[in-house]
Amino acid sequence: MLEIVRTEGSDVVRLVGRLDGAGSALLDQQFRTVDAISLPRVLECSGIVYLSSAGIRSLVWLEKKLRSHGSRLILVALQPPVMQTLETSGLLNQFAVAASVEKAQELVQDSTSGMSSSSLLKWGERLVTIRRLPTSPTQIEIWGAPATHS
């Protein structure tokens, strides 16, 4: 069984128990209908004793939803079996990992302070937006059709 503990007004959610099929269903039910701005960005995982493929799917879903809104999911205090499961699946590097809630909150602060830094410029016939993403490489978005050469 998985217990989900969320402090009101906090970005931190503490998970305790098994993040297996039943636990992932509970986690999904808790956050599927929540908009990305209200999703937790920090999961304190020291209480997770087991992680299944269903649990990994839930974590990947949360990470993708947060990334689509310019944020990241930060996993805190992973126990060795849970970390090993994520390493073996090849997905550990898809998540930001912190040793403590304090370090995770520093990562959140760093990411939110850099989210608005973007530049708009013209490149040939294209309009280009360059923005720095939190804990990710810089992304370049190119809008408009490519220039045609006659």
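Two strands pair if DSSP finds at least two bridges between them; helices (H or I, at least four residues) and strands (E, at least two) are DSSP runs, numbered from the N terminus. The model is predicted, so local features need pLDDT of at least 70 and side-chain atom pairs count only at pLDDT 80 or more, whereas totals for chains, interfaces and linings use all residues. Residues are numbered from 1 along each chain as its sequence is written, and side-chain values use heavy atoms, with hydrogens and water left out.

**View 1. The open sheet has five strands in the order E1-E2-E3-E4-E5.** Its pairing is mixed. Strand E1 (2-6) and strand E5 (96-98) stand at the edges with a single partner strand each, so one side of each has no neighbour in the sheet. From one strand to the next the twist averages 25° (axes are lines fitted to C-alpha atoms, for helices over the stretch in contact, and angles run from 0 to 180 degrees between N-to-C directions).

View 2. E1 and E2 are antiparallel and share five bridges; Leu 2 has Gly 17 in E2 as its bridge partner. E2 and E3 run parallel, joined by seven bridges, and Val 12 is partnered by Val 42 in E3. Strand E3 (residues 42-51) also pairs with strand E4 (residues 74-76), in the parallel sense over three bridges. In E4, Ile 74 is the bridge partner of Val 42.

**View 3. Helix H1 (residues 21-31) meets helix H2 (residues 53-67).** Their axes come within 7 Å and cross at roughly 20°. H1 and H2 are therefore roughly parallel to each other (angles under 35 degrees count as roughly parallel, over 145 as roughly antiparallel, 65 to 115 as roughly perpendicular and the rest as oblique). From H1, Gly 21, Ser 24, Leu 27, Asp 28 and Phe 31 meet Ala 54, Gly 55, Arg 57, Ser 58, Trp 61 and Leu 62 of H2. By class, this contact has five nonpolar, four polar and two charged residues (Ala, Val, Leu, Ile, Met, Phe, Trp, Tyr, Cys and Pro count as nonpolar, Asp, Glu, Lys and Arg as charged, and the others, Gly among them, as polar).

**View 4. Two arginines lie over aromatic faces.** Arg 18 is over the face of Tyr 50, at 4.2 Å from the ring centre. Arg 32 is over the face of Trp 61, at 4.1 Å from the ring centre. A charge sits over a ring if NZ of Lys or CZ of Arg is within 6 Å of the ring centre and within 35 degrees of the ring normal.

How values were computed: Contact = heavy atoms within 4.5 Å.
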